[in-house]
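Here are my notes on the model you sent.

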Amino acid sequence: MDNNFFGENIKRLRREAGMSQEELAEKLGVTSQAVSKWECALSLPDISLILPLADLFGVSADGLLRGEKKAFCEAENVSADLPFPDDGKLRVVQFLGSRLLRSGEANGMEPIKLLLDDTERNVNVEITGNADIEGDVGGDVNAGNNAVVEGDVDGDVNAGNNVAVEGDVDGDVNAGYSVIVEGDVGGDVNAG
């Protein structure tokens with residue numbers, strides 16, 4: 001473990017939490033001198049303090065040791081970095097490592113299973129990869145690759161490759177390759 005990195009990380013997390021060295025020491029049952037030594041990279045905490053430290057700062061143990069946030073998906077952490085408008089759509093995205101996969105780039109990846117109950121059905125759904133939705137969708141469904149819906153869709157269904165809907169679609173259906181809808185379609189159907 002890199003003592004310098006760990007010390008800087010503890011100092012940064014402590015300051016972000018608005019705590020003094022004394023307050024942190026009191027919460028952990030150690031002296032403020034011990035906290036100072038950690039932050040100056042002169043020593044490391046006892047292994048038994050790693051999990052309490054991580055919990056106190058809201059990071060994983062890995063985040064404490066390597067600087068990765070546990071709460072990565074909190075809106076304030078990622079919203080500025082993502083290319084989506086704040087339009088109320090339910091978006092499910094995929095990453096390859098730390099790189100956001102754009103629509104259509106998730107070919108061959110497992111579908112993202114999304115279970116919608118009656119309280120969640122009034123949404124527009126956008127998935128960058130393959131969508132596998134169980135339940136009725138009260139809005140549109142957009143998938144970068146394939147869209148499979150086990151239920152009804154009150155809006156449009158658009159997919160880069162294939163669409164399969166077990167229920168009705170009240171709007172249009174657009175697919176790059178094929179469309180299978182077991183129920184009625186209220187709008188137009190277009191397939192490559």
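How many helices and strands does the protein chain have?

1. Overall make-up. The model is predicted. Its protein chain has six helices and 13 strands. Of the 192 residues, 35% are buried. The accessible surface comes to about 10,700 Å². Carbon and sulfur atoms account for 47% of that surface.

2. Helix 1. This helix covers residues 3–16, 14 residues in total. From first C-alpha to last it reaches 20 Å, close to the 20 Å expected at 1.5 Å a residue. Gly-18 follows helix 1 and has a positive phi, near 70 degrees.

3. Which residues of helix 1 are buried? They are Phe-6, Gly-7, Asn-9, Ile-10, Leu-13 and Arg-14. Seen down the helix axis, these buried residues fall within an arc of 165 degrees, so they line one face of helix 1. The face turned away from the buried side carries the exposed residues Asn-4, Arg-15 and Glu-16.

4. Partners of helix 1. What do the buried residues of helix 1 pack against? Four helices are involved: helix 2 (21–28), helix 3 (32–39), helix 4 (50–57) and helix 5 (61–66).

5. Largest nonpolar core. In soluble globular proteins, nonpolar side chains tend to be buried together. Here the largest nonpolar core has 20 residues. Those with the most contacts inside this core are Val-125, Ile-133, Val-137, Val-141, Val-153, Val-157 and Val-163. The elements giving two or more residues to the core are strand 5 (125–127), strand 6 (131–134), strand 7 (141–143), strand 8 (147–150), strand 9 (157–159), strand 10 (163–165) and strand 11 (173–175).

6. Leaving aside neighbours within four places in sequence, Ile-133 is in contact with Leu-114, Leu-116, Val-125, Val-141, Val-148, Val-149 and Glu-150.

7. Val-181. Where does Val-181 lie? It sits in strand 12 (residues 179–181). The C-alpha atoms of Val-181 and Ala-164 are separated by 5.7 Å, with the two residues 17 apart along the chain. Beyond its neighbours within four places in sequence, Val-181 is in contact with Val-165, Gly-167, Val-169 and Val-173.

Methods. Residues numbered from 1 in each chain as written. Predicted model: local features only at pLDDT ≥ 70, side-chain atom pairs only at ≥ 80, totals over all residues. Heavy atoms only, no water. Buried < 20%, exposed > 50% of the residue type's maximum accessible area, 1.4 Å probe, protein only. Areas by Shrake-Rupley, 256 points an atom, 1.4 Å probe, with all protein chains shown as cover. Contact = heavy atoms within 4.5 Å. Expected span 1.5 Å × (residues − 1). Arc of directions from axis to C-beta. Core = buried A, V, L, I, M, F, W, Y, C linked by side-chain atoms within 4.5 Å.
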